[in-house]
Amino acid sequence: MAIPTEIKKTLNFALFAGFALSGLAQEDAELVEEDIINLEPFVIFAGEMDVIDGITGKEYNGTNAVVWGFVDTFKRYLIAYHEKLLRFEIQHMNLRTQAGLGIEKHLQELTESFDIRNFKADRSQWLTRERSILYRLNTKPFFRIEALIVWDLDRLNKMLPNRPQSKYAKDIRYNEETKTWERRVLTRWEVFYMFRNEENGNQWPRWVIKEDGLNLDTNKGFHLMQSGLSHQVPPGAFKEVEITYPIFYNSKEPALEQIERLRDTYVANLYHIYDPFTWVARRNSRFRGGFVNELKEKVSRKRFRVNDRDWFNTVFTHLLNDVAQIKVLGVGEIYDLQAYNRWKTSENSLGEGLDLLNWHEGEKRQGKDISPNAKIWINYENPGGARFIVLDAYMRYADRFLDAVRTRLLDSQKRLSGQDLFKEAIEEVSGIPFDKYVKAAKAAQIRMMEKYRD
């Protein structure tokens, strides 16, 4: 099974800026200009991990080479992954912070050119959750592996159609369709802290839970939670996550092949199940999208002579935000995020697809899967669709198009339609009637989104 590229990356990251975490108190956990990362020592295991015979539910005393070959590297792989995750997240957060500063700077210039004064991104909540998680990750691991549960496939197959009766059997099943045994890991992430009302100072307890589950051989699973984390969450709010990890071994395959397969799947599994940063926002969408909310608030307050303000505010905000992102990150950033949100993930899937893992009586988890064949609809009358028609014009005509929009918006002496304003600006810079232009733009934008689907 392929191991995600970012997990293979070297630990010697070149950072734009670093987190100096050693010795930080909670309130001091902030970005600092450093060229190095100072990592606190951490201990993944307190004591030895148990190795349990899944069928008997008792300590494993066998001598199987697959079991002990995998056990020999199990801890080292988890420790290595923990450190790689820590370093990768530091790099990722620094890159996104630098991008955010660049986008903010370009937005300030753009908004000033449209007579919108004093735009500023709200930095008070920038990466506050991630800083708390990172601090906790650096000082204390989230995971505690209670036991490695080993299952002898030869014995399991001889038992069929009966099933093992030990308590660990809840995490395996025999799939009648594929005629194979499957294994899973279920995790429960609990967070508890006192939430403070920033207006009146009142406090009340806040409990947030996310439940993840993963089929360890298909890397498909589920991600379920009721609410996200507030920016006030402190590092100490995260409870320890306890799991057992099952493996299968058999007498038919060479031991080294089995060990290698178990190691590869284990690393791929860790990428999905050991993810303290993913709550509501998923791995590939965190810290992305620019500053739409802050920008739209500024645009809405500006007294433009435009009638259809709801439509206009949305489309104009996205235009400015998209332009700033393109200048800092390139146009691919917009389409990659759009494709990811449309085709590659759902709020309930984990890993490579949705599997609710309802294997036993009483398990009735529900969730929505992705729509890999979701259609793309671009309708100019809809502000979500108009965004890409307008973006198409900017990609072709750049500052000429912005100038055409700016002139109409700032020099008009009478009220006008936002939709007509953009239509006229497009016709001016393209020299093509809008009805003809919009057909070609729709086709081009759909092709662009499809390019980023895979």
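Three strands make an open sheet in the order 1-2-7, and their pairing is parallel. Strands here are DSSP runs of E with at least two residues, helices are runs of H or I with at least four, and both are numbered from the N terminus. Two strands pair if DSSP finds at least two bridges between them. The edges belong to strand 1 (50-53) and strand 7 (241-249); each has a single partner strand, so one side of each lacks a neighbour in the sheet. Neighbouring strands are turned by 25° against each other on average, direction ignored.

This is a predicted model, in which local features need pLDDT of at least 70 and side-chain atom pairs count only at pLDDT 80 or more, while totals for chains, interfaces and linings use all residues. Residues are numbered from 1 along each chain as its sequence is written, and side-chain values use heavy atoms, with hydrogens and water left out.

Strand 2 (residues 143-152) and strand 7 run parallel over nine bridges. Aspartate 152 stands opposite tyrosine 249 in strand 7. Helix 5 (residues 255-273) packs on this sheet, touching strand 2 and strand 7, and its direction makes about 155° with that of strand 7. Contact means heavy atoms within 4.5 Å. Axes are lines fitted to C-alpha atoms, for helices over the stretch in contact, and angles run from 0 to 180 degrees between N-to-C directions. Helix 2 lies across strand 1, strand 2 and strand 7, at about 160° to strand 2.

Strand 3 (residues 172-175) meets strand 4 (residues 180-196) over four bridges. Asparagine 175 has threonine 180 as its bridge partner. Four residues separate these strands in the hairpin, where lysine 179 takes a positive phi near 60°.

Last, the largest pocket. A pocket is an open set of points on a 1 Å grid over the protein atoms alone, where a 1.4 Å probe fits, with protein on both sides within 12 Å along at least five of seven lines; lining residues have an atom within 4 Å of a point. The lining holds 33 residues, with Gln125, Arg129, Arg286, Phe287 and Arg288 nearest the centre. Helix 2 gives the most, five residues.
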